[in-house]
Structures are given as structure tokens and as C-alpha cells.
Amino acid sequence: MTDTKRYSRKILRHPGKFMWRVLKGFKRNQGLLLSGGVAYNTLLSIIPMMALILIGLSQFIEQEKLLEIIIREIELIVPAHAGKIAAEIGALFQYRQFVGIIGIGVMLFFSSMAFSMLESAMSVIFYHRIKIHRRHFLISAIIPYIYMILMGVGIVIITVIAGVLDAIEGETLTIFGKSFGFAWASKIGLYLVGIVGLILMLSSLYLVLPFGQITISHALLGGTTAAILWEITRHVLVWYFAKLSLVSVIYGSFATAVVILLSIEIASVILLLGAQVIAEFERATEELAQAEREKSETD
């Protein structure tokens, strides 16, 4: 058994104690404040970022199909209000000929704000890495735009998969005289593709944004955990805002912006909590290794 696995077993032997350590670390790092900053910048970024992706991909894919895919993906992040965000993106897309080079530059700047703020939040949580690892500022500058390109590629892949599923949706399979339709396969397939895409995106954030190198297994564990927690939270939020919420009564015309910001902030809390889990796991492992070294030197 390697030292890493042995340390992992020791840490996970007391999960309650470890989670308490995670929560204390999250509070010490002012995780709620960081989540608010990430949420605010994401709210500023989401429409120009999606509009840029839509403008780029509209050269190859029809606009209606792209908007349909974007709505499905935004629903994974902002439940119940994806249609309104997509409407704003579509409206901005209609004026693309008036945007110009300066407009594209402004949109690129606002699109990158969420990633820049998230990287700053990660650097606070993984502060122990900054003492050892440094990242060139040019790398930090291009990361947001690489992610936008990858998101565009992801939307293309999802569009192709959606086209295949739509093609078989009207088909039927006959077994022993009974016919089975594939309409359910299209909905379930697109839902699973969206979830897998969300897990991969979250895992890549844990893998790339913190300074230094995080193992792929830790990143996938964090991404999967955060995606499951968010999927549960997303359904609770949809139910709450539909049945119990008084946001529209209290905030009136600002209700949509408040709900979207609240949803993104909760998602940011879950994302940063996942990062805190990885960071505390690393620190606990280092502490165990240091304790063993000191014990061996004493002996």
C-alpha cells in the first residue's frame, strides 16, 4: 500500500471530523464572501460569453438549434430561468452586425471576469500551493478564453448527439409483437449528456485553476461530488421558487435577477466547498507525512 493510500484511509476513517475541518477551513477562507464574488462576476459574464459562443457557432449550426442546446445547458446552472437568459442572448445575437471590434473586445473582457474571479477564489483556498507553485500571468490570462473555446466545442458535440437522438426519436422497436418508442431515450440521453458535461467541466476547473498539480482522481471526485450536490440543490430550488418563494412579491421586477444571482451563488458555494475538500485533504496528508517524519527522526 502506498503512503498516499495509507494516509487517505486514516483521514477517511473519521469523516465527521474531516468534514468539520473542511467547514472550518471554508469559514476561515471567507468562503461565502468568495462565493458572492464568483456569483456576481458570473452573472455579468454569462450573457456575453454565451452570445460570443452563439455568434461563433452560428456560422456552422442554425441559431434555433444552438439556442435550444444553450437553454438545456443553462438549466443545469440556473434552473427555472434559463429561458429568460436565452432570450437576452438571442436579442444580443440579433444585433451582432453592430457589435464591431470594440464590442467584441468588451464582451471578451466581461466573459473572462467569472473565470478570473474563480481563479482568485481558488488561490485563497489553495494558499498552501502558492508558496511552492507560481503561474505566469499570461497563462492566467488565456485560461478563460481556452475554456470558452472548449465550451463551444462541447456545445457542438451536444448538438451532434441531440441530432442523432432526434433522428431516432420517431423510430420504434418491435419485440415479440410489442412496439417500443425511442422518445424517452432522447430526453434521458440529453439529460445524461448534460450531467456528464457538467462533471467534466467541474473536474477540469479543479484540475486547472488551482496552482500546482492536482491528481485527476481527486479532481474527478470533487467534480462528481459537486455535480451531484448541485443536481439535488437545483431540483430543490425549482420546487422552492415555484411553490414557496416570495421573491416576486418582495423584489417585484428585480425578482428574476435576484433568483438568478441566488442560484449562481449557491452553485458557487458548492463549487468552492469541493475545492476546500481537496485542499484540506492535501493539508491533512502533508500533516500526517510530517508527523511520521518527526517520529522517525525522534526514534
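Helices, of type H or I with at least four residues, and strands, of type E with at least two, are DSSP runs numbered from the N terminus. The views below show a predicted model.

**Figure 1. Overview of the protein chain, with 12 helices and two strands.** From the N terminus on, the order of elements is α-α-α-α-α-α-α-α-β-β-α-α-α-α. The protein chain has 299 residues, and 42% of them count as buried. Its exposed surface comes to about 17100 Å², of which carbon and sulfur atoms supply 69%. Taking contacts between residues at least 6 apart in sequence, 78% join residues at least 24 apart.

**Figure 2. The largest nonpolar core, made up of 64 residues.** The residues with the most contacts inside this core are Met50, Ile74, Ile89, Leu118, Phe126, Leu205 and Tyr206. Two or more residues of the core come from each of helix 3 (31-57), helix 4 (63-75), helix 5 (82-94), helix 6 (100-125), helix 8 (137-169), helix 9 (183-208), helix 10 (216-243) and helix 12 (255-298). In soluble globular proteins, nonpolar side chains tend to be buried together. Leu205, one of the residues with the most contacts inside the core, touches Phe115, Leu118, Met122, Tyr147, Pro210 and Leu271 when residues up to four places away in sequence are not counted.

**Figure 3. Leucine 272 in helix 12.** Leucine 272 has a relative accessibility of 0% and therefore counts as buried, the limit being under 20%. Beyond residues up to four places away in sequence, the contacts of leucine 272 are Phe26, Gly31, Leu34, Ser35, Leu118, Ala121 and Ile125.

**Figure 4. The loop between helix 2 and helix 3, with asparagine 29 and glutamine 30.** Asparagine 29 is buried, with 9% relative accessible area. Its contacts, leaving aside neighbours within four places in sequence, are Leu34, Val124, Ile125, Tyr127 and Gln276. Glutamine 30 has a phi near 55°, a positive value in a residue other than glycine. Most residues other than glycine have a negative phi.

**Figure 5. Glycine 90 in helix 5.** Glycine 90 is buried, its relative accessibility being 7%. Not counting residues up to four places away in sequence, glycine 90 touches Gln63 and Leu67. The C-alpha atoms of glycine 90 and glutamine 63 are separated by 8.6 Å, although the two residues are 27 apart along the chain.

**Figure 6. Isoleucine 157 in helix 8.** Isoleucine 157 has 47% relative accessibility and so counts as partly exposed, the class between 20% and 50%. Valine 193 is 36 residues from isoleucine 157 in sequence, and the C-alpha to C-alpha distance of this pair is 9.8 Å.

**Figure 7. The largest pocket, with a volume of about 1000 Å³.** Its lining consists of 36 residues; nearest the centre are Ile77, Met151, Gly197, Leu198 and Met201. Helix 3, helix 4, helix 6, helix 8, helix 9, helix 10 and helix 12 each give two or more residues to this lining. Helix 9 gives the most, with 10 residues. By class, 29 of the lining residues are nonpolar, six are polar and one is charged.

**Figure 8. The second largest pocket, holding about 390 Å³ of space.** This pocket is lined by 17 residues, with Phe18, Leu221, Thr225, Val277 and Ile278 closest to its centre. At least two lining residues come from each of helix 2, helix 10 and helix 12. The lining divides into 13 nonpolar and four polar residues, with no charged ones.

How values were computed
Residues are numbered from 1 along each chain as its sequence is written. This is a predicted model: local features need pLDDT of at least 70, side-chain atom pairs count only at pLDDT 80 or more; totals for chains, interfaces and linings use all residues. Side-chain values use heavy atoms; hydrogens and water are left out. A nonpolar core is a set of buried Ala, Val, Leu, Ile, Met, Phe, Trp, Tyr and Cys residues joined through side-chain atoms within 4.5 Å. Buried means under 20% relative accessible area, exposed over 50%, partly exposed in between (1.4 Å probe, protein chains only). Contact means heavy atoms within 4.5 Å. On a 1 Å grid over the protein atoms alone, a cavity is a set of points where a 1.4 Å probe fits but cannot get out, and a pocket is an open set with protein on both sides within 12 Å along at least five of seven lines; lining residues have an atom within 4 Å of a point. Grid points are joined across faces, edges and corners, and a volume is the space filled by probe spheres set on the points. Ala, Val, Leu, Ile, Met, Phe, Trp, Tyr, Cys and Pro count as nonpolar, Asp, Glu, Lys and Arg as charged, and the others, Gly among them, as polar. Accessible areas come from the Shrake-Rupley method with a 1.4 Å probe; for residues, only the protein chains shown count as cover.
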